Amino acid sequence: RKSLPRCRRINRMLSNDSAPPPSFSRSNSQASMDSTSMEDFWCEVESIKESSEDGSEEATLLEFKPADEGELEAEWLQDVGLSTLISGAEEEDGQALLSTLTRTQAAAVQKRYNTYTQTLRKKNKHTVRDVRDIFGTNDSSPTFETVPVSPVPSNGIQLPGQKPVWKSVSSNSCLDCGQDKGSTSVTEELSYEVSFSESIMVLPKSQEWPKNQRFKKEDSALPKFIVRKSRFGLTEVGDLSPEDMKKIRYLSLIELTAFYDALGVELKRNRAERVRGRENGLFGVPLNVLLENDQKKVPGIKVPLIFQKLLLKLEETGLETEGILRVPGSASRVKNLHQELEAKFYEDTFDWDQVRNNDAAGLLKMFIRELPSPLFTVEYLPAFITLVEKISKIKLQLQALHLLIMLLPEANRDTAKAFLQFLKKVVANEGKNKMNLWNVSMIVAPNLFIYKGKRANQQEMQAAATTAHIVRLLIRYQDILWTVPSFLISQVRKMNEAAMNNSKRQLMFDKGVRKLLRRKTMERERPERPE
């Protein structure tokens, strides 16, 4: 291929002899990867660069504004549904959310609110509420009682007097990544009963994770996880109402922040001020806009029609194609197909038989790269990178990744789920297409985590193995990632119960007021008795 010599030069540049020392400490995953094993990654980066240089991909304006002091904390409080702490208003929803928090979650909220109030006091903007007023304590060092979290059925309602019956369910039994059945992979247990941040707080010293752990590219290096679930089953993201998923996102961000705090890791977030995308068409259109346009044609769909069609084309004819995703299609053909799709797709006049498998794979990756905002969102891309660079144990990486998936907007999450299910099928056909889990991860990673049209810098080069490892975790453990942890379900149930109790109290108050008004009205309308 045209860019192959250039890829090899990049790999030589990244070798131990020629690479300059990085400006920050390399992650464990980066240290374990040699330049040869990353050749496919850098060939894909060069392919992306060439496609952007020949004009086949339009530039997207993504503006960032440096955060003012205190603004990040204010945005965080708004994003977790606690904007009332900023406005000072007394709302039942905020109080219900605060009442369900665990000790570590409450500490995370208190820490951000303290920083926000201290910043406002420095700026002398206005008087703010004291943190002790929020959590209802009178001393300066408030203590928190952990909210007990019990296993609940998929509808979020726990039946009284019934104890859960556990069944052992292995994620490997429903996730085939081409791993041999006789593999000696380590088996670990995942628990959804207790919040992830609380489980870290009680981790015995003898079980602390090694600081210099390294991972290998072989699939057998990934552990198998046993998920404990009750006889009521587990809840998937599609099982919950939009209102409950909104609460899940609030709690997931609080839990993720508490989780990173417990590990001593900073949770970094980007602030995208403006994203300029197309209002119509197929490529370069924001997911929400594209779905709104598609739903006029097919009501209720959750994944863009063009993305579904590209996946269907590849699943029907391309899963057994050797080097699928890795071997590029013709740049000129892909460019012409791109233009033809834009003109003919919605008219149902596009001829899919003319599309070769490698060209379809190129269009699929182009669609992902051309999204005005990355599939895993601009805000949380740094958090994805941090979970591998700063956290060495795969179980903890998976827990952080799980919470990040819960944070995704619905359109992004549904599209990502369809894409990862397709990648799982590609890996399952490794015997014919010669694409194992690590190969697929290396090819997909730059399309998800490196901004298009941007020359790879030293920091991105060092993050190459990190992003490939993230994609590998996404593919390997996707069945776990679409499941809502039961401790979050329990907290949502408590929020709903609190809201229901508040509604009942309000209803009783309204009934009493109406009864009093009716009696007063009757007294006024009653005719006076003649003397």
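Accessible area is computed here by the Shrake-Rupley method, with a 1.4 Å probe. By that method, the protein in this predicted model exposes about 26,800 Å². Carbon and sulfur atoms supply 48% of that area.

Start with the whole chain. The protein has 531 residues, and 48% of them count as buried. It holds 23 helices and 7 strands. Now take the contacts in the protein with a separation of 6 or more. Residues 24 or more positions apart account for 84% of them.

Next, go to helix α12, residues 305-317. This helix has 13 residues. From first C-alpha to last it reaches 18 Å, close to the 18 Å expected at 1.5 Å a residue. Which residues of α12 are buried? They are L305, I306, F307, L310, L311, K313 and L314. An α-helix has 3.6 residues a turn, so residues three or four places apart point the same way. Within α12, the buried residues include F307, L310, L311 and L314.

What do the buried residues of α12 pack against? Four helices take part: α11 (287-297), α13 (331-344), α14 (357-369) and α17 (410-428).

Move along the chain to a helix pair. Two packed helices are described by the angle between their axes and the distance between the axes. Helix α15 covers residues 381-389, and helix α16 covers residues 394-407. They pack at an angle of about 170°, with their axes 9 Å apart. Angles over 145 degrees count as roughly antiparallel. Therefore α15 and α16 are roughly antiparallel to each other. Where do they meet? On the α15 side are A383, F384, L387 and V388. On the α16 side are Q397, A400, L401 and L404. By class, this contact has 7 nonpolar residues, 1 polar residue and no charged ones.

S441 lies in helix α19, residues 437-449. Is S441 buried or exposed? Its relative accessibility is 0%, so S441 counts as buried. Leave aside its neighbours within four places in sequence. S441 is then in contact with A468, V471, R472 and I475. L473 gives a sense of the distances here. S441 and L473 are 32 residues apart in sequence, yet 9.0 Å apart in space, C-alpha to C-alpha.

Key. Residues numbered from 1 in each chain as written. Predicted model: local features only at pLDDT ≥ 70, side-chain atom pairs only at ≥ 80, totals over all residues. Heavy atoms only, no water. Helix = DSSP H or I, 4+ residues; strand = E, 2+ residues; numbered from the N terminus. Expected span 1.5 Å × (residues − 1). Buried < 20%, exposed > 50% of the residue type's maximum accessible area, 1.4 Å probe, protein only. Contact = heavy atoms within 4.5 Å. Axes fitted to C-alpha atoms, helices over the stretch in contact; angles between N-to-C directions. Parallel < 35°, antiparallel > 145°, perpendicular 65-115°, else oblique. Nonpolar A, V, L, I, M, F, W, Y, C, P; charged D, E, K, R; others polar.
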